[in-house]
Amino acid sequence: MLDRITHAQHTLDEACTKLGRPITIMEVCGTHTVSIFRSGVRSLLPERVKLLSGPGCPVCVTDQGYIDAVMQLADREDCLIATYGDMIRVPGSNGSLETRASHGNVKVVLSSEDALQLARENPGRNVVFIAVGFETTAPASAVVVKEAAAEGVENFFVLSGHKLVLPAMRALLSGMNDRIDAFLCPGHVSVIIGSGAFAEIVEDYHRPCVVAGFEPVQIIEALAEISRQLAAGTPQLKSLYGAVVTEKGNVAAQSIMAECFEPVDGYWRGLVKIAKSTLALRRQYRQFDAFRRFGLADEPGRNTSGCRCGEVLCGLIEPIQCPLFATRCTPQTPVGPCMVSSEGTCSAWFKYGRRK
Amino acid sequence: MTAHPERILLAHGGGGQLMSRLIQERILPRFRNDTLSELADAARLALPSGDICFTTDSYVVKPLFFRGGDIGKLAVCGTVNDLAVSGSKPLALSLSLIIEEGFEFAVLDQILQSTADAARHNDVRIVTGDTKTVERGSADGIFINTAGIGVRLPGVDLGLSEVQVGDQVLLSGTIGDHGMTILSQREGIRFESQLESDCAGLAELTCSLFANVAGIRFMRDPTRGGLAATLNEVAEGSRLSVEIDERQIPVRPEVQAAADMLGFDVLNTANEGKFVAVVAPDTADECLRLCRDHALGRDAALIGAIVETRDAPLVELRTKIGGRRIVQMPYGRELPRIC
């Protein structure tokens, strides 16, 4: 294992020397962010290789406006909120789901199926599933929408905040951050959409895209592959995660996602509105749409003053450059979502690297 | 007279006949000893001379029964371990039960039996106790408090002020077993696994170490907050840094897999049958050897050392791939992740 690391380090060194400039690589997957921090990958890289954590954590990219819509639902007595655990501490303009927990109508679920089951067990209440996440969790939301439709469950609703990763990558390269030399492409998302999906980034923007799993050694090898391509001036699409990622991805998951959802323009925290980047329920499933059922507007939220999560997500600043980091904003009292999720960049910095 | 009720009634805590029968029929026979049988308002103990170590802990674990133990066993082992790592031989415990109205007698019996078994196994007596009942909804089944008394072993003087640069950090076995087991059996998360809690009393092992090895400077059981919390306490208390090597830290593969799946860090995960010791460099190997001779210490390892502090005392981990990172004091509760 250490041989492979030494070899990768050598490739990275050579590339930096040949290029004569720093290399900036962005990962767009929260699990990569955590693995990189937890295993100390950064400490093994040449100083000129800079890693940026992009919009890869599902909680972190969720706009404040969406959180505020969730809060409105949590304040309704007829609603039971079913949410993934990470979401309960994300602060909206006025408190978080955790602060509403005393109402007894917020339930943490581990799967979309648990949320639908909650609706079956509570026929007298409107169960709203807080459906966030990228292409990794969207198919599971689609499955339960179809199930609910087939069973005729009338008290189950989905507040879709699902996001697509490719439009965000395109937005970043189209003027938000022109320092990004390449992407370390997400492992889990690629299982669904297939490694081939990133070919458009290579073609349109001439940036290397390398898919990797979560073993630290594979991550370092992916970074080495990226640096090799950059030095050679031949950006390519490559997957090192062949064990589970195919070129075409999970076609069944893609098709159920496409059947239930359609891409619409959507708000991302700090990245403003991105065209065709958010999944909304299709017309034939609109009876399950919580936005429609409860008359909620999908509007951009006000950003908390001083919170620079948006710039962190774009890779424009490092957490430590945010004046709130580790002062007002800590894992105990998070101000922005990047500090809440275990996969958030600020949380990872706080936990694993603050004093470095 | 009607047959015994199958469930706890509020009246069982009322001080009358029902309570008396509960104690006489279900509690005393299981814990019988001369001190307890007097049923005095306070237990009178004749103790060997020396410093007394005194501790208390409350147990509210959910679920009540888990692979490798239950709330009763935990309530004995947890308090025994607090005494053990303080350098004492545990002698006597109190046992207070707070029981929710409607709690099944059959379940109570099972818990009392395992409490008694754990006490016998750990060579401590339950010498005094209390039983309270609360209305349905005011407690989650049963809560247990135990307090314990031990006598400090002669010549043992533990403290973070004793810790010095060069000292070795010894861990008595695998980490994360208890925390991940509890999580795997919790409502809403439950998944199939072969995980088993490490819940066990450590006094026999620690007493033998204290009797046979010099140079043990500090010891603590890494329960809530796990190894990360304990080592951060060592760093803060000693004003020295701790450097540990991930490759030396024993973790069962199934525990690591469960932690990875849920996004938890095993370093932050609770243990209920392990200790961390800071030992002088010249006796560390001997301490490790003795530890491994005992069933509860056979996976023991030297996982790192106390080093000079550069700016602030911190815990640093050398990772499996040779990287370095800081191990922070865990904060509150970790949230299961989305994907």
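Select domain 1 and domain 3 of chain A: 14 residues of domain 1 are in contact with eleven residues of domain 3 (contact means that the C-beta atoms of two residues, placed from the backbone, lie within 7 Å). On the domain 1 side, α2 (30-38) and β2 (49-53) of chain A each supply at least two residues. Colour α2(A) separately, as six residues from it make up the largest share of that side. Helices here are DSSP runs of H or I with at least four residues, strands are runs of E with at least two, and both are numbered from the N terminus. Sorted by class, this domain 1 side has seven nonpolar, six polar and one charged residues; Ala, Val, Leu, Ile, Met, Phe, Trp, Tyr, Cys and Pro count as nonpolar, Asp, Glu, Lys and Arg as charged, and the others, Gly among them, as polar.

For the selections, chain A has domain 1 at 2-57 + 177-239, domain 2 at 64-164 + 249-293 and domain 3 at 309-352, with bounds from an automatic or database domain assignment. The centres of domains 1 and 3 of chain A, taken over C-alpha atoms, are separated by 22 Å.

A word on what you're looking at: this is a predicted model, where local features need pLDDT of at least 70, side-chain atom pairs count only at pLDDT 80 or more, and totals for chains, interfaces and linings use all residues. Residues are numbered from 1 along each chain as its sequence is written, while chains are lettered from A and ligands numbered from 1 in the order in which they are written. The model scores ipTM 0.77 and pTM 0.85.

Still in chain A, click on Ala171(A), in helix α7 (165-176). Buried or exposed? Ala171(A) has 20 C-beta neighbours inside 10 Å, so it counts as buried (20 or more other C-beta atoms within 10 Å is buried, 12 or fewer exposed, in between partly exposed, with C-beta atoms placed from the backbone). Leaving out residues up to four places away in sequence, Ala171(A) touches Met176(A), Leu271(A) and Ile274(A).

Now hop to chain B, where the mean pLDDT is 92 and 95% of residues reach 70 or more; pLDDT is the predictor's confidence in each residue, from 0 to 100. Select domain 1 (10-38 + 50-152) and domain 2 (160-327) of chain B. Their contact takes 24 residues from domain 1 of chain B and 22 residues from domain 2 of chain B. Which helix gives the largest share of the domain 1 side? That's α3(B), with ten residues.

Next, show the open sheet of chain B: four strands in the order β1-β6-β4-β5, with mixed pairing (strands pair if DSSP finds at least two bridges between them). β1 (52-59) and β5 (125-134) of chain B are the edge strands, each with a single partner, so one side of each has no neighbour in the sheet. Zoom in on β4(B) and β5(B), which run parallel and are joined by nine bridges. Ile99(B) sits opposite Thr133(B) in β5(B).

Last stop: select helix α5 of chain B, residues 177-184. Eight of its eight residues are buried, so the helix is largely enclosed by the rest of the structure. Show what surrounds α5(B): its buried residues pack against β2 (65-66), α7 (226-238) and α8 (253-262) of chain B.
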